[in-house]
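Colleague: Could we go through the charged pairs in this model together? I would like to take them one at a time.

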Amino acid sequence: MSIPVDHPRYHSLRVRERLAQAMQAGVVAPEGLCAHGRGESFYYLLGEQTIPSAQEAARCAAALFFVAKHPMISVNGNTAVLAASEIASLQKVTGAMVEVGLFHRTEERILMITDLLTAAGVQVLKGEAERLLPLSHDRAFCLRHGIYEADLVLVPLEDGDRAGALALLGKKVITIDLNPLSRTSRTATLPIIAEVTEVLPLITSYATSLTQSEAISILDTMPDPVWFLQAALDTISQRLSHVLD
Ligand code: ATP
């Protein structure tokens, strides 16, 4: 399908087209398209921007990466298709390892996503995944020397149970999710309520110039998770009150 470049929703339609193609190729699960639609609706409500509280969350995320001993980034099909090169840049600056983590898990999809990430310059941790997370279903699978042993895990576009299971294991969990009401956002140590391709470069840019003393001072004054959720909800409610003015 050719999308006219002067279409006001050109970018968004191109992204949908890429995801639909990735779904046909088997990289994205059909359910991933529904998850994208849920994200789009919250992006709309937030005014299609990275709000100031999410920018602050990105700064805090950079500080958490700075002090982490074993940081990991969990990548699913949607994130790989939308943001492989942004993940590569964040990995270069933070030294975090990347593990493929899937809700709809098949070895074939793991391989396809690994190839896609590798082609974008991401170093993907490999190995024999085990049922290590306190979850029923294949979501329990992860790598022992990867997410299981991590002290910090960034989980963009994650499902709430898995984010909760990681938090239960005592890990610091940074989520990226446009929905401030999702269980994912509500179980995070640091919920980033933002669009994944917009906010990953922001974390990378903060992480690039951070010093140890800055990181410590950011973490000393980091707001609690509810503050970030409330700030996003306040943005949405203020916009809804005035959007037709
Ligand atoms: P939960 O289980 O956490 O309550 P959920 O059932 O909505 O949430 P999923 O269906 O797995 O979880 O959806 C993934 C989430 O990803 C959605 O909440 C959606 O807002 C978010 N999302 C989708 N696309 C993007 C994107 N491009 N950037 C950021 N977040 C996104």
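**Charged pairs and a proline**

Modeller: Arg14 counts as partly exposed, at 36% relative accessibility; buried means under 20% relative accessible area, exposed over 50%, and partly exposed in between, with a 1.4 Å probe and protein chains only. This is a predicted model, in which local features need pLDDT of at least 70, side-chain atom pairs count only at pLDDT 80 or more, and totals for chains, interfaces and linings use all residues. Residues are numbered from 1 along each chain as its sequence is written, and side-chain values use heavy atoms, with hydrogens and water left out.

Colleague: Which side chain does Arg14 meet in a salt bridge?

Modeller: Its partner is Glu17, at 3.7 Å from N to O. A salt bridge here is a side-chain nitrogen of Lys or Arg within 4 Å of a carboxyl oxygen of Asp or Glu.

Colleague: Where do Glu17 and Arg14 lie?

Modeller: Both are in helix α1 (residues 10-25), three residues apart, which is about one turn of the helix. Helices (H or I, at least four residues) and strands (E, at least two) are DSSP runs, numbered from the N terminus.

Colleague: And is Glu17 buried or exposed?

Modeller: Glu17 is buried, with a relative accessible area of 18%.

Colleague: How many salt bridges are there by this rule?

Modeller: The count comes to 10.

Colleague: Let us move to Arg139. Is Arg139 buried or exposed?

Modeller: Arg139 counts as buried, at 8% relative accessibility. The side chain of Arg139 meets that of Asp159 in a salt bridge of 3.2 Å, N to O.

Colleague: Why does that pair tie together parts of the chain?

Modeller: Asp159 lies in the loop between β5 (152-156) and α6 (160-168) and Arg139 in the loop between β3 and β4, so the pair joins parts that are 20 residues apart in sequence. Asp159 is buried as well, at 15% relative accessibility.

Colleague: What about Asp161 and Arg139?

Modeller: They form a salt bridge, with the closest N and O atoms 2.9 Å apart. This pair links distant parts of the chain, 22 residues apart, with Asp161 in helix α6. Salt bridges that share partners join Arg139, Asp159, Asp161 and Arg183 into one network.

Colleague: A change of topic: where is Pro134?

Modeller: Pro134 sits in the loop between β3 (130-131) and β4 (141-142). Pro134 is partly exposed, with a relative accessible area of 46%.

Colleague: Which residues does Pro134 touch?

Modeller: Not counting residues up to four places away in sequence, Pro134 touches Ala165 and Leu169; contact means heavy atoms within 4.5 Å. The C-alpha atoms of Pro134 and Leu169 are separated by 8.4 Å, although the two are 35 residues apart along the chain.
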